[in-house]
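Here's a quick briefing on a protein chain and its ligand. Have a look at the model first, then read on.

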Amino acid sequence: MGNDAFYVTTPIYYVNDQPHIGHAYTTILADVMARYHRMLGEPTFFLTGTDEHGQKVAKAAREQARTPQEQADHTVVRFQALWERLEITHDDFIRTTEKRHTRVVQEILQRLYDAGEIYRDEYDGWYCTPCERFFMEKDLQEGCCPECQRPVDQIREANYFFRMSQYQQWLIDYIEANPGFIQPAFRANETLGFLRRELNDLCISRPKSRLDWGIELPFDADFVTYVWFDALVNYISAVGYLSDDATFNTWWPASCHLIGKDILTTHTVYWPTMLKAMNLPMPKTIFAHGWWLIGESKMSKSLGNVVNPMDMADTYGVDPFRYFLMAEMTLGQDAAFTEEAFVRRFNSDLANDLGNLVSRVVKMIHSYLDGTVPTPSPDALEAEPDQALWAVTVQAIEQMEQAILSMKIDAGIAHVLTAIRATNRYLEQKEPWKQAKLDDKVPLSTTLYMALEVLHVASALLLPVMPGKMAALREQLGAPSGDPDFPSLKTWGALKPGTPIAMTEGLFPRIVVEKEPPAGAPPKANAGGKAAKKEKTPATPEGVQLISYDDFMQVKLRTAKVLNAEPIEGADKLLRLEVMIGEERRQLVAGIALFYKPEDLIGKSIVVVANLKPAKIRGIESNGMLLAANKGEKMRLITVDGEIASGAEVR
Ligand code: MSP
């Protein structure tokens with residue numbers, strides 16, 4: 001293997017459901033890394049794919065009345081379409097149902113079985129169905145699964161086991177001797193902590209009687225392979241293990257397995273011991289990133305807060321979405337995703353700092369000069385503040401290079417933004433609008449050339465993060481064509497005087513958020529102005545603005561019991577209601593008199609917006625709003641189906 005080859009992988013994703021922002025994050029991160037390493041001139045291989053066997057997929061298929069293969073075929077295209085939309089540049093996409101993979105898994109199993117690394121045994125244990133994992137009695141936490149805390153079932157059956165326990169001490173020593181192997185370092189400690197307890201052998205089979213969706217064991221047709229023993233092998237089956245030695249030797253060992261922190265044990269205990277048993281070298285790095293939380297909550301289907309990356313790309317554009325994910329998450333830590341945070345970062349980094357700099361500089365080149373790259377003074381870099389600005393720019397290049405190698409992409413991006421901000425300050429200092437009034441155009445040309453040079457470097461450094469927008473910017477600036485490479489970036493003078501600079505629409509039009517939402521209504525993150533027009537704002541089929549989960553949760557909906565209802569004199573559409581919301585008695589004014597008689601309402605359990613600012617309607621104070629369905633001539637109250645105390649939360 002060439003020393004400088006870079007092979008990066010993502011986890012292969014289960015095809016039980018459509019992709020969400022967590023999947024998008026890992027894949028974008030791998031893509032950004034692959035693009036940077038290509039820019040560093042390293043031969044690069046980027047692998048992603050789908051994990052198509054096992055209980056999760058079988059269950060999803062059952063629920064959808066499909067065969068597991070149909071389920072996989074149906075869902076895999078969602079992932080592939082998303083990667084295309086997000087401009088992911090993977091070199092291969094492996095599906096674990098492909099022959100090139102199943103064949104290798106079976107061959108490995110047979111070899112390990114023949115070598116005595118796999119044996120058959122009766123196993124008495126506890127099984128967690130959602131996690132698809134066996135646990136010993138001692139591993140349970142209060143009788144439940146230690147991973148997900150859900151109840152477990154006792155199971156006794158024959159199975160095949162991989163002699164993982166024999167590698168326990170070897171693995172501890174390996175992790176301790178190779179500090180970069182598991183990153184960040186605190187994750188290595190987590191694995192070492194896990195290894196301090198007794199390591200069991202790994203059950204690598206499932207009896208077909210319980211689960212038949214998997215790769216059949218080559219030495220016992222009554223069993224299929226445990227999904228992880230199958231899935232992890234993708235990292236080698238895709239690059240020619242047991243089929244193409246030259247390819248395999250080019251790419252293996254992988255430079256970096258990117259994973260989420262949720263799959264640390266499988267990647268840092270199962271996988272290394274499997275490789276050890278196969279006599280294969282270890283991957284150089286297994287890097288576990290943190291989780292995207294939605295606001296402060298875990299993302300989950302049951303909370304209904306799953307962020308669909310396709311929607312984000314449709315609303316804000318692919319590049320800003322990629323940028324946000326890369327800039328916002330400190331690699332290794334958890335990060336919070338909210339549309340508010342997205343808009344904040346977009347407006348400050350992309351619209352104010354970068355976009356604004358581009359439009360200022362391009363406008364000045366067109367209004368004060370001839371619209372082409374100006375000719376700087378030959379000793380441009382010898383005076384201040386020019387020298388300092390270029391020094392900050394070179395520093396950004398070096399820091400980005402460091403950041404890529406040390407997996408600190410967010411820090412690398414921050415350094416580029418520092419150079420951008422320094423350029424905005426530089427312009428304030430040099431005041432090119434004043435220089436434009438001088439007869440001598442050299443000072444003005446030098447100032448604008450300096451700004452263009454920084455923009456040229458920034459567009460190259462951010463190209464892997466925002467491939468579309470930065471390629472457009474580079475074209476606009478007349479940057480040399482072809483992919484930029486790090487070494488040549490540090491050379492001053494990339495832009496050639498006389499090259500036309502295009503006047504184009506703003507790169508990142510500011511997202512305008514409605515400041516004062518109507519009382520009680522959720523604030524809308526309303527992409528206004530050009531951005532909203534250019535980049536579709538998500539809307540329901542009726543064209544209604546979509547809101548985020550956080551927005552919705554600002555509306556406090558509660559059940560209420562109607563105590564009393566009466567007409568309001570002189571207002572034939574209104575009724576005055578008295579309701580109890582928990583312990584609290586409230587008065588509401590509701591426009592339902594044409595549809596309900598007051599006496600029909602008493603005793604009903606209705607739903608009200610409980611945190612609406614009080615309003616006076618026909619001089620009567622209303623403390624809340626009831627919910628009703630209204631279409632054409634009809635209106636029906638939203639009521640509660642069955643008994644529940646008033647004041648109950650409605651979500
Ligand atoms: N199929 C296994 C992986 C096998 S790899 C040999 C699997 N698949 S998964 O579909 O559940 O995807 C897991 C990966 O998605 C996580 O490791 C992580 O990369 C990503 N994420 C899922 N939810 C996430 C967040 N909320 N935030 C960030 N990434 C998370 O596990």
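In this predicted model, a polar backbone atom of Gly260 sits 3.1 Å from an oxygen atom of the ligand. That's a polar contact, meaning a pair of N or O atoms within 3.5 Å. Taken alone, the ligand exposes 660 Å², and the protein buries 94% of that (areas by the Shrake-Rupley method with a 1.4 Å probe).

**Around the ligand**
- The ligand is surrounded by 23 residues, counted when a heavy atom lies within 4 Å; the closest are Ile12, Tyr14, Thr26, Asp51 and Trp292.
- α1 gives the most to this shell, with 3 residues (helices are DSSP runs of H or I, at least four residues, and strands are E runs of at least two).

**The chain overall**
- You'll find 22 helices and 26 strands in the protein chain.
- Its C-alpha atoms fill a box of roughly 90 × 85 × 40 Å along the principal axes.
- Of the 651 residues, 53% count as buried, i.e. under 20% relative accessible area with a 1.4 Å probe, protein chains only.
- The chain exposes about 28900 Å², with carbon and sulfur atoms supplying 50% of it.

- Residues are numbered from 1 along each chain as its sequence is written.
- Local features need pLDDT of at least 70 and side-chain atom pairs 80 or more, while totals for chains, interfaces and linings use all residues; side-chain values use heavy atoms, leaving out hydrogens and water.

Conventions
Buried < 20%, exposed > 50% of the residue type's maximum accessible area, 1.4 Å probe, protein only. Polar contact = N/O pair within 3.5 Å; in protein donor to acceptor, adjacent residues only side chain to side chain.
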